[in-house]
Amino acid sequence: MIEFENVSYAYPTTAEDALGPVSFAIPAGQVCGVVGASGSGKSTLASAVAGMIPHVSGGRLSGEVRVGGRPVATTPLADLVTEVGLVVQNPFNQMSGAKFTVREELAFGLENLGVDRAEMVRRIEQVLEDLRIEHLADRSPFALSGGQQQLVAIGSVLVMRPRVVVLDEPTSQLDPASATLVFGALDALRRNGITIVLVEHRIEQLAELADRVLVLSHGSLVLDGSPHDVFTDELLPDLGVSSTRYTRAARRAAERGLWPESLPLPVLLPEAVRGFGAGLSVEHTP
Ligand code: ADP
Ligand code: MG
């Protein structure tokens with residue numbers, strides 16, 4: 001669904017490449033996490049998938065990015081928005097600023113596309129229901145919590161019915177409860193078969209949701225694998241990415257011989273419980 005073929009990119013104002021060369025392919029329906037230290041190229045990659053690069057940013061792009069088989073660089077942005085949607089860090093930036101209710105805000109992009117009224121209403125009601133924000137429909141987008149605003153921002157992308165949704169740190173401005181709302185919405189998208197690229201610092205929630213994780217460092221793709229393999233990789237700390245508290249605890253336990261050698265390090269709670277249970281029973285066997 002998403003293909004990067006030898007993609008390099010430099011912003012118009014800089015000599016050095018911010019990204020690349022990178023090559024990878026993300027199949028339809030996959031949830032792909034993207035992590036890496038600050039400045040490693042995560043936002044650049046996200047913008048390249050969504051076509052902001054090169055359509056809005058300019059700069060120098062080489063290689064080819066394809067979404068749904070279409071080269072992003074030569075597909076007009078107006079056609080891309082129905083293929084791939086981008087959700088940014090701060091939901092405030094995503095709001096049109098021109099609408100008085102959430103329902104109108106959700107209609108904004110569709111009006112620009114010239115979608116007919118009955119279809120618009122159908123799509124908006126569907127998105128309100130999918131994101132469980134029916135109760136916000138008549139509220140002002142500016143009178144909402146950060147988490148609610150982010151759900152509306154995601155909704156304004158979903159009404160376009162894209163097959164790919166790219167999210168660049170959608171929960172970084174949110175408290176944990178709001179972040180949980182967003183992850184709940186992403187899980188619903190996943191179940192609907194939408195391909196998701198998610199730049200995210202909340203490693204535990206990402207590990208739970210993602211099928212695959214890419215790790216960037218200085219614009220290069222340095223790790224690519226299952227959440228389990230990536231988040232237990234020894235290189236991770238050197239790449240400026242934290243591991244989950246379960247991996248950290250088990251690693252400390254392993255240094256003291258309290259983690260069973262036969263088990264891989266855990267990433268999430270259930271594997272941690274299993275391992276610590278086994279470790280303790282070995283310890284206490286008379
Ligand atoms: P991340 O999202 O992982 O923090 P970015 O993709 O934003 O990283 O940045 C990658 C590199 O590109 C960094 O070196 C950053 O300084 C540079 N960069 C990002 N945005 C711009 C821009 N608009 N103009 C010039 N350089 C930029
Ligand atoms: Mg970024």
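Okay, housekeeping first. What we have is a predicted model, where local features need pLDDT of at least 70, side-chain atom pairs count only at pLDDT 80 or more, and totals for chains, interfaces and linings use all residues. Residues are numbered from 1 along each chain as its sequence is written, chains are lettered from A and ligands numbered from 1 in the order in which they are written, and side-chain values use heavy atoms, with hydrogens and water left out.

Let's start with the ligand. The residues around ligand 1 include Tyr11, Thr13, Thr14 and Ala18, plus Ala37, Ser38, Gly39, Ser40, Gly41, Lys42, Ser43 and Thr44; being near here takes a heavy atom within 4 Å. By class, that shell has three nonpolar, eight polar and one charged residues. For those classes, Ala, Val, Leu, Ile, Met, Phe, Trp, Tyr, Cys and Pro count as nonpolar, Asp, Glu, Lys and Arg as charged, and the others, Gly among them, as polar.

Now, which atoms lie by the ligand's oxygens? Serine 43 has a polar side-chain atom 2.9 Å from an oxygen atom of ligand 1. From the backbone, an N or O atom of glycine 41 sits 3.1 Å from a ligand 1 oxygen, and one of serine 40 sits 3.2 Å from a ligand 1 oxygen. The cut-off for a polar contact is a pair of N or O atoms within 3.5 Å. On its own, ligand 1 has 560 Å² of accessible area, and the protein covers 59% of that (Shrake-Rupley, 1.4 Å probe).

On to the helices, which are DSSP runs of H or I, at least four residues, while strands are E runs of at least two. H7 (residues 146-158) and H8 (residues 176-191) have axes that come within 8 Å and cross at roughly 20°; axes are lines fitted to C-alpha atoms over the stretch in contact, with angles from 0 to 180 degrees between N-to-C directions. H7 and H8 are therefore roughly parallel. For H5 (residues 102-113) and H6 (residues 117-130), the axes come within 10 Å and cross at roughly 130°, so this pair is oblique. The cut-offs: under 35 degrees is roughly parallel, over 145 roughly antiparallel, 65 to 115 roughly perpendicular, and the rest oblique.

Last, the backbone. Most peptide bonds are trans. Here, a cis bond joins glycine 20 and proline 21, with omega about 5°, and proline 21 is in strand S2 (residues 19-26). Another cis bond joins isoleucine 53 and proline 54, with proline 54 in helix H2 (residues 52-55).

Key: Polar contact = N/O pair within 3.5 Å; in protein donor to acceptor, adjacent residues only side chain to side chain.
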